[in-house]
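Subject: Structure for you to look at

Hello,

Here is the structure I said I would pass on. Please open it beside this message and follow along; my notes come after it.

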Amino acid sequence: MKKIIVAIDGWSSCGKSTLARQMAKALGYIYIDSGAMYRAITLYFLRNHINWENSKEVEKALKNIELDFRPNDQTAQNEIYLNDENVEYLIRDLVVAEKVSDVAAIQEVRAFAVAQQQKLGKKKGIIMDGRDIGTVVFPKAELKLFMTADNVVRIERRFKELVEKNPNITIKEVAENIQMRDYIDSNRAISPLRQAKDAIVLDNTNLTPEEQLKKSLKLVKEKT
Ligand code: C5P
């Protein structure tokens, strides 16, 4: 079967990464979480007190950042490394989530991340999720999905995930963060979140993960 590129875009906390991981496993494809790259860059900026409003400082900082995806020995799933440190769990923190959309709106940051994402897709057989994958990173991807889900469902899902790690987190904080990121991501000047013209909309409000996987694999089959 021919290997293709699957681009998955959509709003925050729509279950993009859950679907992408499951699809990659079922198809034997590589999964790349492009949001993890923006989160890792944000973590670096926060740790090193980089003033990201100063483009010279951003350019200099990016030269010291090396991002890498390596499979976890136990789960075989890709995890992100920032300068050789596994930051897969650290980057999910709300401290990072609160700043990531500002950092991801910076031109130099996007150019840095997109170049690496395109390189990773050279051999096809890849599923990448994010906000601009079908529009900017892989405009020629054979299959593009645009995911959406009811707001309340999205907030509840993300809250459930975050409260396990941080019992003090409130649903209000989670709701505000999702709302803020969606606003910034879809209103920024460079590569705003948009549904690609040839993307297929997948609303998973009332779909179980199994149903959504089945639907998506059928779409892949039609393209291969
Ligand atoms: O996918 P995730 O929610 O982890 O992404 C975190 C943030 O990274 C998004 O809110 C967005 O600001 C940014 N992002 C982006 N472009 C992508 C993926 C993520 O701007 N392709």
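D84 sits in the loop between β4 and β5 (85-86). The model is a predicted one, and every value below was computed from it. Although D84 is not a glycine, its phi is positive, about 75°. Is D84 buried or exposed? D84 has 8 C-beta neighbours inside 10 Å, so it counts as exposed. The cut-off for that word is 12 or fewer.

A76 belongs to the loop between β3 (67-71) and β4 (78-82). A76 is not a glycine either, and its phi is also positive, near 65°. Around A76 there are 8 other C-beta atoms within 10 Å, so A76 is exposed.

The other item is the ligand. How many residues surround the ligand? The count is 14, and the closest are G35, Y38, S101, A104 and G130. Which of the elements gives the largest share? That is α2, with 4 residues.

Sorted by class, the shell around the ligand looks like this:

- nonpolar: 4 residues
- polar: 5 residues

Regards

Technical notes: Residues numbered from 1 in each chain as written. Predicted model: local features only at pLDDT ≥ 70, side-chain atom pairs only at ≥ 80, totals over all residues. Near = placed C-beta within 6 Å. Helix = DSSP H or I, 4+ residues; strand = E, 2+ residues; numbered from the N terminus. Nonpolar A, V, L, I, M, F, W, Y, C, P; charged D, E, K, R; others polar. Buried ≥ 20, exposed ≤ 12 C-beta atoms within 10 Å, placed from the backbone.
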